[in-house]
Amino acid sequence: MRIKYYLTVLLVFCATVFAAAQQTEYPKREFRGAWIQCVNGQYLGKSMTELREMLSGQLDVLQKAGINAIMFQVRAEGDALYNSPYEPWSRYLTGQQGKAPSDGWDPLKWMVEQCHKRGMECHAWINPYRAKTKGTTVLASSHAAARYPDRTFRYGDLLIFNPALEINRQYTCMIIHDIITRYDVDGLHMDDYFYPYPENGQEIPDQAYFDRDPRGFSNIEDWRRDNVNMLIRDIHKLIRKERPWVKFGISPFGIYRNNPEGVNSQRGSATNGTQNYEQLYADIVLWQDKGWVDYLIPQIYWNIGTKAADYKILCDWWSDYCGKRPLYIGQDVERTVKEADPQNPQVHQMMRKYEIQRSEPNVQGSCQWYAAAVVNNPGNYRTMLEQQYHRYPSLQPLMTFIDGKAPKKPGKLSIEYKSGNGIYGSGKIFLTWKAPKSKKEMNKAVQYVVYKFAPGEKVNVNTDDATHIVAITSETNYQLVGDLKGYTFVVTALDRLHNESKSVKVKL
């Protein structure tokens with residue numbers, strides 16, 4: 001009897017695990033981002049027409065791969081890949097800092113339009129402190145570091161806007177204010193460059209500033225962290241005031257702190273590498289505890305089994321201690337496919353990494369480093385996104401701490417036939433609906449979700465399962481293809497933060 005009892009318990013457990021796995025295999029809400037960077041030089045040597053063709057091609061492929069958010073680098077070193085009234089055009093765009101695109105092209109404006117046309121979010125990605133990199137030999141006369149050299153310091157080959165100066169915080173906020181008020185971006189994004197990465201023989205030359213105004217801190221390390229904290233706090237306040245629907249996200253280096261005891265705790269992970277807290281002076285945990293960031297994308301670029309920084313150890317740590325805000329995992333495409341899965345040496349590590357990522361209770365998606373690598377499809381990485389992990393469209397994770405009110409539902413959903421003989425003729429068939437009315441921007445419908453249910457299927461859109469989603473579109477119509485007689489279609493509205501309305505339905 002006891003054996004029968006244990007077998008029954010085991011079968012129930014397995015069934016529960018299987019059901020849970022089935023529910024999350026195609027999640028209805030998942031962040032699926034990709035970084036498009038300028039600093040790798042992929043734009044150089046191309047005309048603006050060639051650049052648009054290249055980026056448009058990348059976006060088409062990324063859309064097919066299920067990517068629903070683009071992190072577009074627009075400020076790499078106090079410069080601009082958009083028409084800025086304050087900073088010079090980037091050399092990464094035109095080959096010469098301060099030189100404008102020959103045809104008047106505004107890459108950020110174009111990218112926002114192109115992303116939205118494809119149902120993707122566009123997050124403007126900036127660097128707050130880097131003023132000059134090694135490859136920049138000449139600064140434009142309009143560059144802030146050229147106009148105000150006393151606001152910067154040298155560190156190796158870098159020129160850094162001094163985080164200790166309030167004027168630099170104000171200047172960065174001015175740049176962000178300009179971006180979010182002139183461009184319809186969905187997010188403001190920063191990566192891992194705060195204080196410079198440590199170099200042997202280099203010291204940050206800020207002791208005099210600390211001595212002059214320690215602000216009650218007894219050591220310079222805490223003071224430096226507070227310098228960065230004040231910037232993050234000010235950016236958060238600015239965005240909430242001016243464009244509350246714009247998400248403020250940060251992609252920190254993958255290690256918060258190394259735990260000396262080698263056991264995961266809030267103090268840090270069982271790792272041995274560069275640290276946000278001690279070396280970059282970025283207190284990520286504090287930022288999410290204070291609610292100053294809306295999402296985090298730690299760059300967990302290492303592989304499973306890496307001794308100094310194991311992928312699973314880090315995924316576990318971030319999920320355990322940084323789950324108070326939506327958490328996504330930064331994935332390194334090329335590194336992932338270069339090493340075998342330790343448990344199955346016949347394949348690379350992508351499948352195991354996704355298994356780990358989607359098993360973490362507080363992880364709600366991932367971001368691919370980098371977009372062109374996804375397009376190039378090493379190790380069939382993109383193919384696996386298309387056919388498995390991103391097989392169905394996905395809504396963005398909810399951010400009810402910003403806004404949790406759903407828009408009104410679409411109106412007048414109907415079937416429209418155009419120039420043909422109906423369902424079995426040569427004409428086209430469309431679902432059409434009316435946009436719901438709204439007086440406030442936060443409640444405005446900006447996209448719509450189209451669901452399809454076969455004859456006899458239970459019609460239910462209030463699940464975590466995305467397999468019935470056929471489209472997420474900004475249009476108020478959707479073309480139907482094939483013999484769909486007896487199918488039921490359901491449409492809901494999404495606001496800027498992807499709160500979903502009640503549904504309307506129609507049956508063919």
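Analyst: First, a cut-off: buried means under 20% relative accessible area, exposed means over 50%, and partly exposed is anything in between (1.4 Å probe, protein chains only). The model is predicted, with local features needing pLDDT of at least 70 and side-chain atom pairs counting only at pLDDT 80 or more, while totals for chains, interfaces and linings use all residues. Residues are numbered from 1 along each chain as its sequence is written, and side-chain values use heavy atoms, leaving out hydrogens and water.

User: Let's start with Y171: is it buried or exposed?
Analyst: Y171 sits in helix α6, residues 166-182. Helices (H or I, at least four residues) and strands (E, at least two) are DSSP runs, numbered from the N terminus. The relative accessible area of Y171 is 8%, so this residue is buried.

User: How far apart in space are Y171 and E87, C-alpha to C-alpha?
Analyst: Leaving aside neighbours within four places in sequence, Y171 is in contact (heavy atoms within 4.5 Å) with R75, Y86, E87, A144 and R147. In sequence, Y171 and E87 are 84 residues apart. C-alpha to C-alpha, their separation in space is 11 Å.

User: And D222, which residues is it in contact with, leaving aside neighbours within four places in sequence?
Analyst: D222 belongs to helix α8 and is partly exposed at 28% relative accessibility. Between D222 and E278 there are 9.2 Å in space, C-alpha to C-alpha, and 56 residues in sequence. With those sequence neighbours set aside, the contacts of D222 are F217 and Y277.

User: How many disulfides does the structure hold?
Analyst: A disulfide here is a pair of cysteine sulfur atoms within 2.5 Å. For C122, the nearest cysteine sulfur belongs to C115 and is 4.4 Å away, so by that cut-off C122 is in no disulfide. C315 is in no disulfide either, with the sulfur of C322 as its nearest at 12 Å. The count for the structure is zero.

User: What is the relative accessible area of C315?
Analyst: C122 is one buried cysteine, with a relative accessible area of 0%. C315 is buried too, and its relative accessible area is 0%.

User: At roughly what angle do the axes of α11 and α13 cross?
Analyst: Two packed helices are described by the angle between their axes and the distance between the axes. Axes are lines fitted to C-alpha atoms, for helices over the stretch in contact, and angles run from 0 to 180 degrees between N-to-C directions. The axes of α11 (residues 311-321) and α13 (residues 350-359) come within 10 Å, and their crossing angle is roughly 15°.

User: Is the crossing of α2 and α4 left-handed or right-handed?
Analyst: α2 (residues 48-64) and α4 (residues 107-117) pack at about 30° with axes 11 Å apart, and are therefore roughly parallel. A crossing is left-handed if the near helix is turned anticlockwise from the far one by less than a right angle, and right-handed if clockwise. The crossing of α2 and α4 is right-handed.

User: How do the residues of the contact of α2 with α4 divide by class?
Analyst: On the α2 side are R52, L55, S56 and L59, and on the α4 side W110, M111, Q114 and C115. Ala, Val, Leu, Ile, Met, Phe, Trp, Tyr, Cys and Pro count as nonpolar, Asp, Glu, Lys and Arg as charged, and the others, Gly among them, as polar. That divides the contact into five nonpolar, two polar and one charged.

User: Now the backbone: what is phi of Y281 near?
Analyst: Y281 lies in the loop between α9 (276-280) and α10 (284-290). At 7% relative accessibility, Y281 counts as buried. Its phi is positive in a residue other than glycine, near 60°.

User: And phi of R215 is near what value?
Analyst: R215 lies in the loop between α7 (207-212) and α8 (220-242), and is partly exposed with a relative accessible area of 31%. Phi of R215, again in a residue other than glycine, is positive and near 55°.

User: Is the peptide bond from W369 to Y370 cis or trans?
Analyst: Y370 is in the loop between β13 (363-369) and α14 (371-376). Omega of the bond from W369 to Y370 is near 5°, and the bond is cis.

Notes:
Angles under 35 degrees count as roughly parallel, over 145 as roughly antiparallel, 65 to 115 as roughly perpendicular and the rest as oblique.
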